[in-house]
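Hello,

Here is the structure I promised to pass on. My notes on what turned up follow right below it.

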Amino acid sequence: MPDAAYRVSSSPLLRGRDEVLHTLDRLCADIPAGGAVLLIVGEPGTGKTSLLQEAARRARSGGLRLVATGPGAGERNWALSGLQRLLWPLADHIPQLPTEGRAVVERVLAGDVPKERDMLAVSTAALELFTAAGRDRGLLLVVDDWDALDRQSGNVLAFVARRVAGPWELGAEDRRVGVVGACRPSGSAELIASGLPARRLGPLTDGSVRQLLTDRFPELPAQDHPDIASAADGNPLAAIELASGFTELTRKGLRTPGTGLQVELLPRSSRLWDAFAEAAHCLPDASRDAVLVAALHRGQETALVVAATQVLRSDPTVRQDVLEPAERAGVLIAAGPAVMFSHAVAAIAAVQRESAQRRRRAHAALAEVLPRHSDHHAWHRAQALTVTQHACAAAQLEASHRQAVDRGDPLQAVRMLQRAAELAASPQDQGRILIKASGLASELGRPGMVEQLLAAASAAPLTPVLRLRARLLQEASTHGLPGDSTELCDTIDPGDPDTSLSLLFDAAQRCWRENTGQEDRTRVVTALTTLSDTRYDPRHIATLATAEPVLLADEVAKRLGRPRSGLAGHADNLRLLGQAAHAIGDFERATDLLVPAIDLLRRQQRLVLLPRVLTMEANGAIWLGDWHRATAFLAEAHEVALNTHQPAWAAASRAKQALLAALRGEVEEAFVLAEQATLCRGDLRLNHVSTCTDIARGVACAIAGSYADAYAYLRPLFDDDAQLYHQRESFTVVMHLAEAAAHTGFHDESRRLLATWEQSAELTPAPVLHHQLAYARAVLAPDDHADDLFQAALNGNVTRYPLVRAMTQLAYGTWLRRRRRAAESRDPLRRAKAAFTAMGAVTRVRQVTAELRATGDRLPFAPGRGRPERTTGSGLLSPQETRIAELAAEGLTNREIGEKLRLSPRTIGSHLYRIFPKLDVTSRFQLRDRLEMDHQ
């Protein structure tokens, strides 16, 4: 814990520097007791000067005397100018010095420049004067920009600091001098090597930067905080000046909050800008050229920078050592194969101090050495062109912007499209390109940027299909949902297949989301046929699958199975093909596509797309038995959806969380999450979410043994004229409805449903349907066919669907036991128990454990391992009595127990009449306690 002298500064400029402030407090406290030294090292803008000012304030409040110095304008070559600023305020103590020292100080103050051999005498005399001045109440020397002082002053102060910091000939009572200085990392090596204590100022955390913005700019919109924190890169002065500049632009109506920030727009008059720009501008010409090239090229590979510098200077002898002066000046670091700038502002300042002509020449040099078909080449070529060459560059920028997205830099892709629009040959092309840019900005979750781009596009003449696309993007930025499918299908233009595919994809999403009916699905597919040239485009396939996930599932599966090259690294192709596989119920293929897509979308910060892809993959993971991954993905999806204001996906992810809780046996939690999903949805028409919440409720009831309630929830999902009907989503609960029907006596109705499912299975290859249908056939079959059907279901390829396999094993084992084939039933029951345990299906584990006990099985949790279990009541109860006793102890009524075990309530009562005296209990409460005691 800090001592009592520690005081956290309330200044917003010092936010996040509490440890350094504590060190400064200790330094001020130590000066009267014998002196102290601290060197603060940091890049421009990290708060060095603010910390020195705070040290001065605290020194004064502690009663110390204070003198300060720093480099003056044009004084770098004026010998001892920095030292003079410290000596003049202490002139009243000169008479206390020895004769020789007094003479030396007076000559320095008179402006005499001593010879090099006399510098030791100057250093000693300065130390004597500082010691005399601090003898009464202590003295603090404050030295700003130590490394920028004239050489002689810097050396004298380093001598003084070494003597103060270490043992020297004066007694402790005379060492009442403190030194606190600041310098950049590039000028600190010699000072630190001489033994001076130093503290390095690292970047602030994002949290500290955001708090600084809140303190200093309460009027700044919160949606700008993350962008400013990212652009500032932990530099507090950069954050303040960015916030100041963009607050002013917003106030003048020149930008919209949330449209993103570009460090290039930092005010040119800023202190931070000047500090970095001056360092770059004073370099030798060749190094200055290399810095300009490195600043313009975002990749910043060292070899490429050197090659482009050779082209720019027409000098093939340029080598990597051209970067060394820039390294010494602290502008950049040439770390092996890459060039890194000390701060984002350093790169931008190096560019902005150069003329437009020099920037174009550097862009042209970069374009010459970059691969001709890369997005980098297109960007630099466009930046180097004159007006007469713009149209060709616009086409190249538009064609290559996706490379920037795939490379993980979608904001650069938006800038490329904006630049392409500026260079476009016609207003129509300008509007089309700006709408494309706004679509990408929408995926990044930047509604302000979308609004700005659409406003610019609206000034251009737009075709009907582009006007509709612009309107949908505007609507999506407010509630995240596509529009009316009829209008979308009727407006498509085969002459603009790119925009038309986007519209039809939105229409298909609406069919999926709202169950708009067969007519709408047919309309989407019919419109899609007019774009036949795009049939293997991932958007085309995803649209087809989402609109008709059953009727055209076979065609979609064929297109998905078509060999494709170059999928790796292409997030859009992966997510669209993954969505198609998910839509037709092929969760195995969907996982193989969606998992790498998720990693890419995270890296690309395309936050609007991320929740929907996470939710789709989590849904597949649930049925594939990977509940750990599903849990993590759904939590992330819900959080990102809330942060990006997407209630539809916040609701959908919550509904899937409810289903997962139900499958685990957390019944109350499942109902709570289902209700939260309904609240997240609000007034939006989201039939799909309503379907998923009722699925979760129905599954929860089935697992809890409330089969009548489960049937009531799940049965309406299979009526194609019902509000909650969903053609493909119903595939995932075929087995739970069959389970509920088998326990509630709805055999005839369920067999009619079974015939409907069989018809669907003839249309679709969906593994999720075929595996669950095999289960349903077995549990709904007459006894003389059930055995063969159970065997067929278990012999199918259900390895990737452990939940379906475990459910089938549980049902088969239970069926065998009830037909007095106990020995045969144990193997499938043990396998089911192991699978349910691995997944975390707690209630199912209890169910299968009870079934095993009822067979007389005495094995512990995992088959074939460990000691036998103890028999309830020391072996007094039969397996069936044991099961009845356990259910009664759980609080179930005789009727509920009978429903589970297919016995009459009267029979249950008779069993309990015999059980109570065997266990020496007289009530169900005592029964519960006795059973708990027996299992301890």
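Salt bridges come to 47 in this predicted model, counting a side-chain nitrogen of Lys or Arg within 4 Å of a carboxyl oxygen of Asp or Glu. One of them joins the side chains of E54 and R58, at 2.7 Å from N to O. These two residues sit four apart in helix α2 (residues 48-61), so about one helical turn separates E54 from R58. Side chains of opposite charge can pair when their charged atoms come close.

A word on conventions. Residues are numbered from 1 along each chain as its sequence is written, and side-chain values use heavy atoms, with hydrogens and water left out. Since this is a predicted model, local features need pLDDT of at least 70 and side-chain atom pairs count only at pLDDT 80 or more, while totals for chains, interfaces and linings use all residues. Helices (H or I, at least four residues) and strands (E, at least two) are DSSP runs, numbered from the N terminus.

On confidence, the mean pLDDT (the predictor's confidence in each residue, from 0 to 100) is 82 for the protein, and 88% of its residues reach 70 or more. Residues 168-172 have pLDDT below 50, and beyond near neighbours in sequence this stretch makes eight contacts in the model, a contact being heavy atoms within 4.5 Å. Residues 859-872 are also below 50, with 26 contacts beyond near neighbours in sequence. Where pLDDT is low, the predicted coordinates should not be read in detail.

Angles under 35 degrees count as roughly parallel, over 145 as roughly antiparallel, 65 to 115 as roughly perpendicular and the rest as oblique. A crossing is left-handed if the near helix is turned anticlockwise from the far one by less than a right angle, and right-handed if clockwise.

Helices α30 (residues 610-623) and α31 (residues 627-643) pack at about 160°, with axes 8 Å apart, and are therefore roughly antiparallel. Their crossing is left-handed. Among the residues that meet are L614, A618 and I622 of α30 and F633, L634 and V640 of α31. By class, this contact has 13 nonpolar, one polar and three charged residues (Ala, Val, Leu, Ile, Met, Phe, Trp, Tyr, Cys and Pro count as nonpolar, Asp, Glu, Lys and Arg as charged, and the others, Gly among them, as polar).

For α8 (residues 206-216) and α9 (residues 225-232), the angle is about 120° and the axes are 9 Å apart, so the two are oblique to each other. Here the crossing is right-handed. D206, V209, R210, L213 and T214 of α8 touch H225, P226, I228 and A229 of α9.

Finally, α36 (residues 734-744) and α40 (residues 802-818) pack at about 15°, axes 11 Å apart, and are therefore roughly parallel. M735, H736 and E739 of α36 meet L803, V804 and M807 of α40.

Best wishes

Note on methods. Axes fitted to C-alpha atoms, helices over the stretch in contact; angles between N-to-C directions.
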